[in-house]
Amino acid sequence: MSFSIYDASIPVYLQMMRNLAALLAKAEGHAGTSGADVSTFLEARLTPDMHPLIRQIQMVSDSAKGGAARLAGVTPPSYADTETTWAEIKERLAKTIAFVETIERSQLDGAETRTIELPLPGRTMTFTGADFLMRFSLPNFYFHVVTAYGILRTQGVPLGKMDYLTGGTPIPA
């Protein structure tokens, strides 16, 4: 079986969102043992001109559901960016995982050559499916996942590279 655009997208979105959910769980555990308030993590930022953790997670969600849907040729679900609590942001991530899990391999057949138009303020970007995935969607998605990881690290959450890569689950030998 050859490697497909499905293999390069849907399992990747799912793994990294599950890893992010594990990072959030580890942050909760850290808050419980250190006396920190997880709600303060939501507004933490790497630098003043970057978005806080809550927005990073919303953008992880938007990148994954938008990427998966556009590659599948369906309309991505619209989620209002109204989360303000730890529970709400975890639910947003869970809801996004559930949506991405609905995308079937057959929906991405031929997606590498599908034209994808991405409307942005002031312009529309046009890609082939392969270029959209490899040059826009995945880099954007990874940027927001790693930024969320970095924010949690700055808040003292004891995370390491393997938490980011595997959600703390050992890689099989």
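Select R92 first: apart from neighbours within four places in sequence, R92 is in contact (heavy atoms within 4.5 Å) with Q58, S61, D62, Y79, A80, D81 and E83. This is a predicted model, in which local features need pLDDT of at least 70 and side-chain atom pairs count only at pLDDT 80 or more, while totals for chains, interfaces and linings use all residues. Residues are numbered from 1 along each chain as its sequence is written, and side-chain values use heavy atoms, with hydrogens and water left out.

R92 belongs to helix α4. Is R92 buried or exposed? R92 counts as buried, at 1% relative accessibility; the term buried stands for under 20% relative accessible area, exposed for over 50%, and partly exposed for values in between, with a 1.4 Å probe and protein chains only.

**The whole chain**

Now zoom out and colour by secondary structure. The protein has 6 helices and 2 strands; these are DSSP runs numbered from the N terminus, with helices being H or I of at least four residues and strands E of at least two. Read from the N terminus, the order of elements is α-α-α-α-β-β-α-α. The radius of gyration is 17 Å, close to the 16 Å that the globule rule gives for 173 residues, so the protein is as compact as a globular protein of that length. That radius is taken over C-alpha atoms, and the rule is 2.2 Å times the number of residues to the power 0.38.

Along the principal axes, the C-alpha atoms fill a box of roughly 50 × 45 × 25 Å. Of the 173 residues, 44% count as buried. Among contacts between residues at least 6 apart in sequence, 69% join residues at least 24 apart.

**The aromatic pairs**

Next, display the rings of Phe, Tyr and Trp. The structure holds 7 aromatic pairs; rings (for Trp, the six-membered ring) pair if their centres lie within 6.5 Å, and planes under 30 degrees apart count as stacked, over 60 as edge-to-face and the rest as tilted. Select F41 and W86, an edge-to-face pair with 6.1 Å centre to centre and 70° between the planes. F41 lies in helix α2 (residues 38-41) and W86 in helix α4 (residues 86-101), so this pair ties together parts that are 45 residues apart in sequence. Both partners are buried: F41 has a relative accessible area of 2%, and W86 has one of 6%.

Move on to F141 and Y142, whose ring centres are 6.0 Å apart and whose planes stand at 55°, so the pair is tilted. Here F141 is buried at 0% relative accessibility, whereas Y142 is partly exposed at 31% relative accessible area.

**T147 and its partners**

Stay with helix α5 (residues 129-154) and select T147, which lies in this helix. T147 is buried, with a relative accessible area of 4%. Which residues is T147 in contact with, leaving aside neighbours within four places in sequence? They are L46, M50 and Q56. For Q56, draw a distance between C-alpha atoms: T147 and Q56 are separated by 7.0 Å, although they are 91 residues apart along the chain.

**Charged side chains**

Finally, select the charged side chains. There are 15 positive and 17 negative ones, and the centres of the two sets lie 4 Å apart. Lys and Arg count as positive and Asp and Glu as negative, without His and the chain ends; each charge is placed at NZ of Lys, CZ of Arg, CG of Asp or CD of Glu.
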